[in-house]
Amino acid sequence: MTDHVRPNYVLIWLYLFLLTVAEVALAFELPISRNMKLLLLLVLAIWKALLVAMFFMHLKFERWRLRAIFMVPIPLAIILVLAVITEKIW
Amino acid sequence: MTHATATANLMHPPAPAEPGSGVYSNKLGMWIFLASDVMFFTALIGSYIILRFGAPGEWAKPNAVLNVPLTAFNTFLLICSSVSMVKAYAAIVDGKKYFLRAVPGKLLRDGGLKFWMLVTIICGAAFVGVQVIEYIKLVGEGFTPTGYREGSLLAEHALGDPVKYGAVVGGLYGSSFFTMTGFHGFHVTCGVVSMLYLYFTKVLPEKYSPQDYRGIEVIGLYWHFVDLVWIILFTIVYLI
């Protein structure tokens, strides 16, 4: 766990701060379509979440077996949400 | 092994790696809990999506009811607490148990575990405080889990501009907003209480060392996860 090069936490903090500023700016009225805005916001949110998981939770430096534990619910989550959405469509 | 060393080992168990996963059991347990917590929040987010996109009308516009700048500040607080948590972890890995220590030739002082844990606790408690203020303000203006309270300021606004304030779906909006942010706030509160407990029982008495910092690593994982969930919730509840 400690035998890797330590990431620059302050730099990641700066990234997270700038991405949050970009997100808040997107929430205001902008001359872009609503779907474009939605896509950009989701990309920024996932980007931030990945930064936290990879560097703060050290997932980037863990072995695969441990990462798998955290990754197992993600496809299940996607299936759950998609199933709920399709119920709405039909 | 003599009886004495066996007893000593029982009293101060080392951090054995679990076969297979290669990590100690406390950490493995926390990861499994976090995996189940992912499903918990997925259930909330999934029901929010169906409520929002299956609703008979449009949701209120961002910034109409909710105070986005205040919550953006709160997001910033939580991100800061996440960074201070990881700094606390890095400090104890390096064996820095102290609060602050002067660095020769430098203006800034070097923070140890005691300092960074305290910063984390303060930022976490401030997050909960701001959220409570936000709730009080929202309920005062008339935004409740059952929708816009009759005769309130927001109910009047919703009558004047039904599209901007999502007048048709006020109840769905209110119930999903308070459920999602409320459960997240509960997670943060649990984290702050756990960290306070650790602070007084383990951090201040200097029970952690570079050889055994399991508690700090495990509470850190929980804390970063709570931050991660907030990043997603902030986007889908406040900004979309």
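Mentor: Let's start where the two chains meet: 38 residues of chain B are in contact with 34 residues of chain A (contact means that the C-beta atoms, placed from the backbone, lie within 7 Å). On the chain B side, α2 (25-53), α3 (68-93) and α7 (214-239) each supply at least two of the touching residues. Helices here are DSSP runs of H or I with at least four residues, strands are E runs of at least two, and both are numbered from the N terminus. Sorted by class, that side of chain B has 25 nonpolar, 11 polar and 2 charged residues. For the classes, Ala, Val, Leu, Ile, Met, Phe, Trp, Tyr, Cys and Pro are nonpolar, Asp, Glu, Lys and Arg are charged, and the others, Gly among them, are polar.

A word on the ground rules: this is a predicted model, where local features need pLDDT of at least 70 and side-chain atom pairs count only at pLDDT 80 or more, while totals for chains, interfaces and linings use all residues. Residues are numbered from 1 along each chain as its sequence is written, and chains are lettered from A and ligands numbered from 1 in the order in which they are written.

Now the overall build. Chain B has 7 helices and 4 strands, running α-α-α-β-β-α-β-β-α-α-α from the N terminus. Its radius of gyration is 22 Å, well over the 18 Å that the globule rule gives for 240 residues, so chain B is more spread out than a compact globule. That radius is taken over C-alpha atoms, and the rule is 2.2 Å times the number of residues to the power 0.38. Along the principal axes, the C-alpha atoms of chain B fill a box of roughly 80 × 45 × 25 Å.

On to the packing. The axes of α3(B) and helix α4 (residues 113-141) of chain B come within 8 Å and cross at roughly 160°; axes are lines fitted to C-alpha atoms, for helices over the stretch in contact, and angles run from 0 to 180 degrees between N-to-C directions. α3(B) and α4(B) are therefore roughly antiparallel (the label for angles over 145 degrees). Their contact has 16 nonpolar, 7 polar and 2 charged residues.

Helix α6 (residues 170-203) of chain B packs with α7(B) at an angle of about 160°, their axes 10 Å apart, and that makes this pair roughly antiparallel as well. Among the residues making the contact are B:H184, B:H187 and B:G191 of α6(B), and B:Y222, B:W223 and B:W230 of α7(B). By class, the contact of α6(B) with α7(B) divides into 13 nonpolar, 6 polar and 1 charged.

Look next at B:G220, in helix α7 of chain B. B:G220 is buried, with 23 other C-beta atoms within 10 Å (20 or more is buried, 12 or fewer exposed, and in between partly exposed, with C-beta atoms placed from the backbone). Its C-alpha atom is 9.4 Å from that of B:G191, 29 residues away along the chain. Leaving aside neighbours within four places in sequence, B:G220 is in contact with B:M85, B:V86 and B:Y89.

Last stop, the loop between α6 and α7 of chain B, where B:E206 is found. B:E206 is exposed, with 11 other C-beta atoms within 10 Å. Its phi is near 55°, a positive value in a residue other than glycine.

Note on methods
Angles under 35 degrees count as roughly parallel, over 145 as roughly antiparallel, 65 to 115 as roughly perpendicular and the rest as oblique.
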